[in-house]
Amino acid sequence: MAPKHHPTPLSGGDRKALTKELGKARAMTGILAAQSAEMRAKGAALIQQADRMLCESWNERMWSDGEPIDPSPTIDQAINGGFPWLEIQCARCKTPNDVDLAALKHPPTTFVHDLASRLRCRKCAKAGRRPSATLLQLGWQPRHPRGEV
């Protein structure tokens with residue numbers, strides 16, 4: 001984009017005043033851009049903290065109530081909050097496993113509790129059954145060795 005053209009005034013005093021005001025405006029743009037970047041960084045940190053608290057709250061409700069709680073964090077909120085793993089258990093064979101939420105092919109706006117009916121145990125599928133998974137909690141690292149889910 002071409003710079004804005006300011007016609008040069010004829011008198012010397014007006015030229016000096018225009019130069020001074022243009023200098024102030026250019027300095028102010030740098031200050032405002034720095035403040036904007038700082039506020040965005042603070043906002044991103046606050047959103048990440050809020051997502052972490054939402055995941056911790058959901059984990060506590062899951063532990064106390066023991067069922068998929070609606071509403072739950074979305075996949076992107078869980079990942080942003082530092083909980084990229086979902087601990088699950090097969091409803092039939094009780095095999096525990098961890099699911100990497102970042103590797104799922106679901107949209108990032110999918111709620112975690114909606115995954116319960118979509119996740120299946122491969123071990124049971126080989127036996128001709130397809131039970132759904134039981135959600136346990138969100139985790140910041142995998143708790144179980146890589147298994148069959």
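Residues are numbered from 1 along each chain as its sequence is written. Because the model is predicted, local features need pLDDT of at least 70 and side-chain atom pairs count only at pLDDT 80 or more, while totals for chains, interfaces and linings use all residues; side-chain values use heavy atoms, with hydrogens and water left out.

**Exercise 1. Find the salt bridges and say how far apart the partners sit along helix α1.**

Step 1: A salt bridge here is a side-chain nitrogen of Lys or Arg within 4 Å of a carboxyl oxygen of Asp or Glu. Side chains of opposite charge can pair when their charged atoms come close.

Step 2: Count them. The structure has three:
- Glu-21 with Lys-24, at 3.7 Å from N to O
- Glu-38 with Lys-42, at 3.4 Å from N to O
- Arg-52 with Glu-56, at 3.8 Å between the closest N and O atoms

Step 3: Check the spacing. Helices are DSSP runs of H or I with at least four residues, strands are runs of E with at least two, and both are numbered from the N terminus. Glu-21 and Lys-24 are three residues apart in helix α1, so about one helical turn separates them. Glu-38 and Lys-42 are four residues apart in helix α1, again about one helical turn. Arg-52 and Glu-56 are also four residues apart there, with about one helical turn between them.

**Exercise 2. Is Thr-110 buried or exposed, and what does Thr-110 touch?**

Step 1: Thr-110 is in the loop between β2 and α3 (122-126).

Step 2: Apply the cut-offs. Buried means under 20% relative accessible area, exposed over 50%, and partly exposed in between (1.4 Å probe, protein chains only). Thr-110 comes out at 9%, so Thr-110 counts as buried.

Step 3: List the neighbours. Taking contact as heavy atoms within 4.5 Å, and skipping residues up to four places away in sequence, Thr-110 touches Pro-73, Thr-74, Ile-75, Leu-115 and Arg-118.

**Exercise 3. Describe how strands β1 and β2 are arranged.**

Step 1: Check the pairing. Two strands pair if DSSP finds at least two bridges between them. β1 (residues 85-90) and β2 (residues 96-100) are joined by five bridges.

Step 2: Get the direction. The two strands run antiparallel, and Glu-87 stands opposite Asp-98 in β2.

Step 3: Look at the turn. β1 and β2 make a hairpin with five residues between them. In that turn, Lys-94 has a positive phi of about 60 degrees.
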